[in-house]
Amino acid sequence: MEMVRVVSHNTHKRMVTCLQGHIGTDAEKRHKKLPLTALSQAMVDGGSQLGEESLIGKMMEVCGEAENRLASELLQHEVQIEKDVLDPLNQLAESICIQCVFRKVDIPNILKQRKQLARLVLDYDSARARWLQATKSIISGTNTQALTAKADLLKEEMDEAMNKMELCKDQLAADMYNFFSKEGDYARYYVMLLEAQADYHRKSLTVLESVLPTIQAQQDSWTEKPAFGTGLEEHLKRSSREIALPLEACIMMLLETGMKEEGLFRIAAGTSKLKKLKAALDCSTSQLEEFYSDPHAVAGALKSYLRELPEPLMSFQLYDEWIQASSIPEPDKRLQALWVVCDQLPKNNKANLRYLVKFLSKLAQDSEVNKMTPSNIAIVLGPNLLWAKTEGTLAEMAAATSVHVVTIIEPIIQHADWFFPEDVEFNVSGMFAMPTPPSNHINHSMEYDCSTIERKRPGSMVGPENDTLRKDR
């Protein structure tokens with residue numbers, strides 16, 4: 001019995017420490033003192049300070065409202081626990097009675113009766129010892145009548161003490177039997193505890209599940225997400241662009257200041273400048289004036305973007321087809337096969353490859369100054385456009401693919417207007433200032449019939465018998 005009282009007391013004490021609210025206070029004050037309420041208020045205040053223009057601000061406001069709802073659920077849960085579990089446990093361990101059958105029984109009362117029984121046993125033992133002493137005195141004494149009368153009185157006292165002891169013993173036994181007959185009711189408190197916790201967690205989960213789609217939608221709709229390391233489709237979709245921002249930004253800057261730069265894409269840029277430019281592009285900013293003076297950093301950022309794509313611009317799916325096409329020995333058939341593979345690229349991949357190739361072709365036109373011929377460009381940039389989907393580092397995959405890639409990329413750059421006959425508007429988003437073309441600029445693009453897979457060969461690869469075609473150009 002004492003053990004039940006002790007463990008009930010210890011459980012009650014530890015359970016109180018698990019509550020976050022202050023026991024005994026009214027609901028409103030208790031709600032304000034909850035840590036979740038303080039967290040909610042801090043989030044709401046922070047969201048208001050950052051404003052609707054900040055994604056963090058939006059997130060904090062939604063999260064703050066959710067935390068406040070969780071605080072309300074926690075308050076209701078703790079009030080229920082206090083009423084249905086804590087108070088009965090306290091009653092079980094302390095001096096407040098619990099209703100049992102026809103009378104009130106509690107552990108402290110039982111323990112009190114036990115102590116009373118111990119005193120009655122001592123009283124009985126004392127009365128019995130005095131009576132035994134009196135009976136011995138009758139045998140050895142001379143005043144037999146007086147001693148007998150005294151012994152009779154002591155006998156009555158002993159009998160009365162024994163009756164009190166037996167009554168207390170019976171009462172104690174009855175109370176103990178009644179207590180243990182109700183043990184299932186007392187054990188029910190722990191079932192109620194787990195049921196209340198399960199209900200609280202279900203309600204809390206409902207709150208979270210109701211707010212998660214909202215906050216996830218805000219996250220997904222936020223366009224200013226890093227472009228580097230993000231899949232092309234995802235980046236284009238969330239930014240509502242046709243051409244990836246790093247491609248357009250870098251190419252627009254290089255068109256302005258990098259076309260005459262010797263060793264473009266081959267000479268490494270300063271690490272700090274490159275990191276700064278990549279970070280600026282990840283923020284979707286168009287304020288890039290400071291980088292115009294460092295075309296090598298711009299070229300490095302362009303290479304990094306292509307290299308960090310989860311899937312190469314020329315796609316994993318068509319890797320084998322690219323390699324097979326590049327292995328065809330006859331130049332004309334090889335070029336035709338490359339065009340067929342290129343035409344199979346996904347729409348966004350093809351549009352961005354076309355945009356890039358048109359620029360690289362333009363860059364190669366100044367190869368006498370910048371030393372970047374189609375071959376040189378293919379060597380330094382090709383491994384960032386196509387690699388195998390195999391185990392290993394990007395460098396290892398690029399090394400294994402580089403020979404084939406050069407034979408793929410070089411002819412595409414050489415015959416860019418044949419692979420992609422349409423003109424390209426480099427300033428496709430209108431975010432950047434288009435450089436003024438030189439006065440002697442000539443558009444060398446041709447119109448080709450794209451309705452059939454069997455394409456005419458580019459003029460640079462036909463023989464003398466096709467001079468008429470070149471004249472028509």
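K371 counts as partly exposed because its relative accessibility is 40% (buried means under 20% relative accessible area, exposed over 50%, partly exposed in between, with a 1.4 Å probe and protein chains only). K371 sits in the loop between helix 15 (367-370) and helix 16; helices (H or I, at least four residues) and strands (E, at least two) are DSSP runs, numbered from the N terminus. The model is predicted: local features need pLDDT of at least 70, side-chain atom pairs count only at pLDDT 80 or more, and totals for chains, interfaces and linings use all residues. Residues are numbered from 1 along each chain as its sequence is written, and side-chain values use heavy atoms, with hydrogens and water left out.

K371 has a phi near 65°, a positive value in a residue other than glycine. F265 also has a positive phi, near 75°, and is likewise a residue other than glycine. The loop that holds F265 runs between helix 9 (245-257) and helix 10 (271-282). With a relative accessibility of 2%, F265 counts as buried.

| Residue | Relative accessibility | Class |
|---|---|---|
| K371 | 40% | partly exposed |
| F265 | 2% | buried |
| A127 | 1% | buried |

A127 belongs to helix 5 (residues 107-140). Leaving aside neighbours within four places in sequence, A127 is in contact with E157, M158 and A161, where contact means heavy atoms within 4.5 Å. A127 and A161 are 34 residues apart along the chain, and their C-alpha atoms are separated by 7.3 Å.

The UniProt record, an unreviewed entry, places the feature "coiled-coil region" at residues 144-171; UniProt positions are given in the numbering used here, feature names are shortened, and annotations may be inferred rather than shown by experiment. In the model, residues 144-171 are 100% helix and 0% strand, and the end C-alpha atoms of the span lie 40 Å apart.

Helix 14 (residues 347-364) and helix 16 (residues 374-381) pack at an angle of about 135°, with their axes 9 Å apart. That angle makes helix 14 oblique to helix 16 (under 35 degrees counts as roughly parallel, over 145 as roughly antiparallel, 65 to 115 as roughly perpendicular and the rest as oblique). Axes are lines fitted to C-alpha atoms, for helices over the stretch in contact, and angles run from 0 to 180 degrees between N-to-C directions. L360, L363 and A364 of helix 14 make the contact with P374, I377 and L381 of helix 16.
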